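These are my notebook entries on one protein model.

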Amino acid sequence: MPIHIYNTLTRKKEPFVPRDPGRVSIYVCGITPYDQSHLGHAVPSIIWDAIRRFLEYQGYTVHLVQNFTDVDDKVIRRAQETGENALDVSRRYAQEYLETMDALGVKRADVYPRVSQEIPAIISLVEGLLEKRHAYEVDGDIYFDVSSYPAYGQLSGQLLEELETGTRLAVDERKRNAMDFALWKSAKPGEPAWDSPWGKGRPGWHIECSAMALKYLGNHLDLHGGGVDLVFPHHENEIAQSEAYTGEPPFVRCWVHNGLLQVKDEKMSKSLGNYTPLSELLKEYSAAAIRFYVLSSHYRSPLQFSEEKLAEARRGWERLSAAVTNLQQLVQALKDLPETDGTDEKVPGLRELAEAVRFSRGKFIASMEDDFNTASGIAALFELARSVNTFADQMAEMGDAKKQESLPILEEALAVFLELGGDILGIIEPGLPGADSSELVEGLMDILITVRKRAREQKDWTTADFIRDELSSLGVVLEDSPLGTRWKL
RNA sequence: GGCGGCAUAGCCAAGUGGUAAGGCCGAGGUCUGCAAAACCUCUAUCCCCAGUUCGAAUCUGGGUGCCGCCUCCA
C-alpha cells in the first residue's frame, strides 16, 4: 500500500507520490517568536516529526524546512513594550523554541529560514509579481491583486465575492480590491526596515513563506503543513502569490493541516492567554508522555487539552513504557542464561507471540500509511504489549531451554517497540531503568535484592518488607515478577 | 452572513458499506507471604429524523449542538 494523505485542497485522501522519487520536500509553517512556546506550538512540531521519521523509515530522503516569522507586528509590539530591538526579541524566543523542541525529542529541520535573513529573496519575489502585474504599488506599499489570480479561494473554498461582503475590517481605501493583501509595507518610525526599490520598508505577512519555500524547496513542494487556522488567508495567499510568480502550478502538491489544541473548547493561543508554557509542562511530564498524548489522536482532529487529560494519557503511556522496559530486562536476562542444548518441545504460546509481533508491525505500518494514523498505530503497540506480557507470565514455568528458544521472537518484539514506538513516534525511550545510574548503584541494588530474596526464602517477611519499604521511600520500586525481582525508579 | 470541520461507552479515541480497535477510570477474578506489576472477564449499536441498500457509525437529504476561519495566531 502506498501512503495516502488527506489533501486540504481536494478534500480527499490521495496516494502520496513525491515529485522526485525517493525524496520528499516539506515546508511547515513555523512560529512567530514573540513569547514563550506552548503546547499548541508543539502539536504540529510533534506531528511533523512523526511524519518525517516515518517517511525516513520508509526510505525517503526528507528535506524539511520550517520558518521563523521574525519580522512581524507582534514581535515589533513586544519589542516596543520591553524597549528591546525587535530582532533581539525574536532571536531569543526562536532560540527558546528550538531548545524546547529539542527537549521534546523533535528532530531539527534542515533549514530554519528567518524573514530577517531572507529580505533579498522576498524583494525579488515582490519585484517579479509587480513585473507580471499581479501586484501594484501605492505610496510605498505593495499589494497583491487578487483579481489577477482567478483561482483565488481554491484552498479555503471561499468565493471572492463572498469574502468581500464578509469582510469584518474597514477596508483600506487605497486597495483595488478588499481582499488584496500587503506584500511589502512602507517603513514606520521605530520599526525594523530594509531598503527596497520602493523605499524603506518590511515584508507583509504572507510573502515570506512563499519566498522561503520556493527558495529552499523549489516550485512544487510535496507537502506543506500548518494548523487549520492558517488555511485562510495565509495559505490561500501563499498559493496565489507563489503560482502567480512561477506561473507553474501547483505550488504545493499536497496541503496538510493539523487540528488545533483547545482549552475548554477554545483554541489555545497566546492572544487568548489560556496556555501553559511548555517549559512548565516539561517539568511535570516526560517528553515521551507529551508526545504520546499528542499522537494518541489523529492529527486532523482537534485535541482537547487539560492537565487531567494529559495525566490520563501519561498513565496509559506508563503501562506501555513499562511493558517495553520489562521486555528489555527479560531479553537481557535470557541472554545471560547458561547455554543449553536446546529443546525439541514446542514452547507454548510462542507461535501466537510470533504472530502477534507480525500483526502489530503490519497494523502499525498500515495505520501510518493511512494518513499518518498514529492513534491506530499506538493501539497496535498496546496489543503487542499485552501479547508480550501474557507470554512473559507463562515463561515462569519454562525451563531454560524453552526460554532461550523464545529469545529471537522476544527480540523481534522488542525491535518493533524500539523501531516503531521509539524511532518513529518517539514515545518509547530505549534504555533500561536506572541505566543512567552508576555501576555502584547497580551493584548495591543487586546486593539489596539478593539479601531480600534470601530473607523471603526464610520467610523473614519483616526484613523483606523493610528493604522494600525503605527503597520505596527513596523512590525505588521493587516488583517481584515470577522471573525474579526487578527495580525501577 | 459566508466557508471549512467535528459529533462513537463515565472520560480519551480508532474505525468511510458487512455487523463497534486501543487507552484511562470502575467492578469481579487469577497469580502473590503481603504489596506492586501482569493477565483474564464485564461495561456502547455510534447526536436526532427521514432516505438509499439484502445490509450504514460509515452513503444521501434535513435538523440540533460544538469548533475553526473570514482580523494576528501552529
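**Entry 1: the second largest pocket.** I began with the residue classes in the lining of the second largest pocket, which divide into 15 nonpolar, eight polar and 11 charged. For these classes I counted Ala, Val, Leu, Ile, Met, Phe, Trp, Tyr, Cys and Pro as nonpolar, Asp, Glu, Lys and Arg as charged, and the others, Gly among them, as polar. The volume of this pocket is about 1,000 Å³. Its lining has 34 residues, of which Gln 329, Leu 483, Gly 484, Thr 485 and Arg 486 are the closest to the centre.

The pocket lies between domain 2 (319–424) and domain 3 (439–488), because both give residues to its lining.

**Entry 2: basis of the values.** The model is predicted: local features need pLDDT of at least 70 and side-chain atom pairs count only at pLDDT 80 or more, while totals for chains, interfaces and linings use all residues. Residues are numbered from 1 along each chain as its sequence is written, chains are lettered from A and ligands numbered from 1 in the order in which they are written, and side-chain values use heavy atoms, with hydrogens and water left out.

I set down the search terms here. On a 1 Å grid over the protein atoms alone, a cavity is a set of points where a 1.4 Å probe fits but cannot get out; a pocket is an open set with protein on both sides within 12 Å along at least five of seven lines; lining residues have an atom within 4 Å of a point. Points are joined across faces, edges and corners, and a volume is the space filled by probe spheres set on the points. Helices (H or I, at least four residues) and strands (E, at least two) are DSSP runs, numbered from the N terminus.

**Entry 3: the chain.** Chain A has 15 helices and 15 strands. Along the principal axes, its C-alpha atoms fill a box of roughly 95 × 50 × 35 Å. Of its 489 residues, 51% count as buried, that is, under 20% relative accessible area, against over 50% for exposed and partly exposed in between (1.4 Å probe, protein chains only). Among contacts (heavy atoms within 4.5 Å) with a separation of 6 or more, 77% join residues 24 or more positions apart.

The domain assignment gives domain 1 (4–284), domain 2 (319–424) and domain 3 (439–488); such bounds come from an automatic or database assignment. I found the C-alpha centres of domain 1 and domain 2 to be 43 Å apart. Their contact takes 10 residues from domain 1 and 12 residues from domain 2.

**Entry 4: the cavities.** I found three cavities of 30 Å³ or more. Of its 13 lining residues, Ser 45, Trp 48, Leu 64, Gln 66 and Val 106 are the closest to the centre. Helix α1 (39–57), strand β4 (61–66) and helix α3 (86–103) each supply at least two residues, and α1 gives the most, with four. By class, this lining has nine nonpolar, two polar and two charged residues.

The second largest cavity has a volume of about 60 Å³. Among the residues that line this cavity are Ile 47, Tyr 299, Met 368 and Phe 372. Again α1 gives the most, here with three residues. The classes are eight nonpolar, two polar and no charged. Domain 1 and domain 2 each give at least three residues to this lining.

**Entry 5: Asn 258.** Is Asn 258 buried or exposed? The residue is buried, at a relative accessible area of 3%, and its place is in strand β10 (residues 252–258). Beyond neighbours within four places in sequence, its contacts include Val 43, Pro 44, Ile 47 and Tyr 299.

**Entry 6: cysteines.** I searched the whole structure for disulfides (cysteine sulfur atoms within 2.5 Å) and found zero. For Cys 209, the closest cysteine sulfur is in Cys 29, at 3.9 Å, too far for a bond. Cys 209 is buried, at 1% relative accessible area. The sulfur of Cys 254 also has its closest cysteine sulfur in Cys 29, at 15 Å, too far for a bond. Cys 254 counts as buried, at 6% relative accessibility.
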